[in-house]
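The entries follow in the order in which I took them.

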Amino acid sequence: MKYMLMFCHEPDAGPRFEDLPADEQRRMLQAILNWRNEFKSKFVDPGMRLGESSTATTVRRRGDQYLVTDGPFVEGAEVVGGYSIVEVADLDEAIRIAKAFPGCPTTEIRPILESEQPEAFSATGVLSETR
Amino acid sequence: MAAVFREEAGRLAATLVASLGDFQLAEDILQEALVTALERWPAEGIPRKPGAWLFTVARNRATDLLRRNARYREKLAELELPATGEVDDRLRLMFTCCHPAISREAQVALTLRTVCGFSVEEIAHAFLTSEAAIAQRLVRARRKIAHAGIPYRVPRSDELEERLSEVLAVLYLVFNEGYLASSGDSPERRDLTADAEWLASLLDRLLPNEPEVMGLLALIRLHRARAEARFDERGRLVLLRDQDRSRWDHAAIGAACELVLQAGRMRRPGPYQVQAAIVACHAEAPSWEATDWPQILALYDQLLRMAQSPVLRLNRAIALRFVAGPEAALAEVEGLAGDLGQYRLFHATRAEILRDLGRHAEARLADERALELTANPAERALLEQRLG
């Protein structure tokens, strides 16, 4: 199964990467490189750090109107700072990889749906392509 | 029949989930088998081998349902009733139902439904929610299991302790819900403490030599052994200090205390073992006056080193009162006002201590505050009586 790991910053979880002194940033980046290496075989996309929330732009379509605004789509101090995409046997493996991540201490794990084809949904309402 | 269901439903569920790899499907088939049993057994009598009977019905239903789906046809052929002596598959089921990716409420509902064979109605009744809410909770949980890829297996040994604490938390919740149920409730309301004991006992059987499991099992048994004395002949709550200890099941208490000791000898202390030890102190005391409060206080200190919680500190303060006097206890209790202002037992405890100190007007106010926060009819009756 494929999962996206979204590494999030939460205000109560310590300083953001941008606010760390340079040598600590270097240390963290090295730790993340080590982590990528450790789980090399599991990554579909080892991912990247995202620009901080002030660099975000949001596009909203309502009907046939568009609104383009500065900032992330959700206001708040919680921010997605980076992502990875893994392919593993089950959620427990994804959790293990997320726990081992040395960067942001909060990770959201979301399954990536395997198929968007309507025929993939069987008569009993169960995805026939699950693993 | 409820006991048979409880024993057999879980086994069948485990087999079905393992063979079909689909919680919802297993659930649907199990449900049909149980409904059929409910229709036929009252008239025909409970079969000599209820497990095999249920399995046959389930297998037939599965065949009907899945005839069209080629992928499942192969699986059907593999569906075998596990022979006795084979590994009981319910352990996998318990860990899956209690996976941390599932909300606590849903863990409870799923465990009761799948492992114990509770009906949706029974779960709703037990937790005083609507059937619709429970049904939705269950559907969401099964969807989560399928879509998020929650595996159907016993966790790895390096993850076992963490995952086990989830299972124990669920079992403890079930027990507490049953324990708090007032005797004034409708008699058809199932005794959840019996189900909690059954689950803990099953877990102990399937996962032997786990001291925290033994601790929880002992804790539940110690409470159940004294259940007779908790309510008087008019169904009113009787405080521990006033209970008729001759009505306690002392043989059961002895056995449960032995279990606590057995767990302790494994030298892997944990919160359930310590809680059990505290309850054991009370259960072994020949009278309220003879309670070993210094020991209880020491155990609370140990417990607080493992798990911080204002409620635990409140309970410790009660013990402190009998070791160091009401002033010391009151000082402790007042310090918890910030955290426990909305907790009825905070005010009730405070009232007790104030009464001890002869500060009756303040005690009355505290009791009134406690009453405002109390919903449980038996507890309300007790407080109302005290207020006179």
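I call a residue buried if 20 or more other C-beta atoms, placed from the backbone, lie within 10 Å of its own, exposed if 12 or fewer do, and partly exposed in between. By that rule, buried residues make up 37% of the 388 residues in chain B.

I note that this is a predicted model, where local features need pLDDT of at least 70, side-chain atom pairs count only at pLDDT 80 or more, and totals for chains, interfaces and linings use all residues. Residues are numbered from 1 along each chain as its sequence is written, while chains are lettered from A and ligands numbered from 1 in the order in which they are written.

I looked up the extent next. The C-alpha trace of chain B spans about 75 × 45 × 40 Å along its principal axes.

I then turned to one helix, α8 of chain B, residues 131-147.

Which residues of α8(B) are buried? I list Ile134(B), Arg137(B), Leu138(B), Ala141(B), Arg142(B), Lys144(B) and Ile145(B). They fall within an arc of 155 degrees seen down the helix axis (taken from the directions from the axis to the C-beta atoms), so they line one face of α8(B).

Last, I checked what comes after α8(B): Gly149(B) follows, with a positive phi near 70 degrees.

Methods:
Helices (H or I, at least four residues) and strands (E, at least two) are DSSP runs, numbered from the N terminus.
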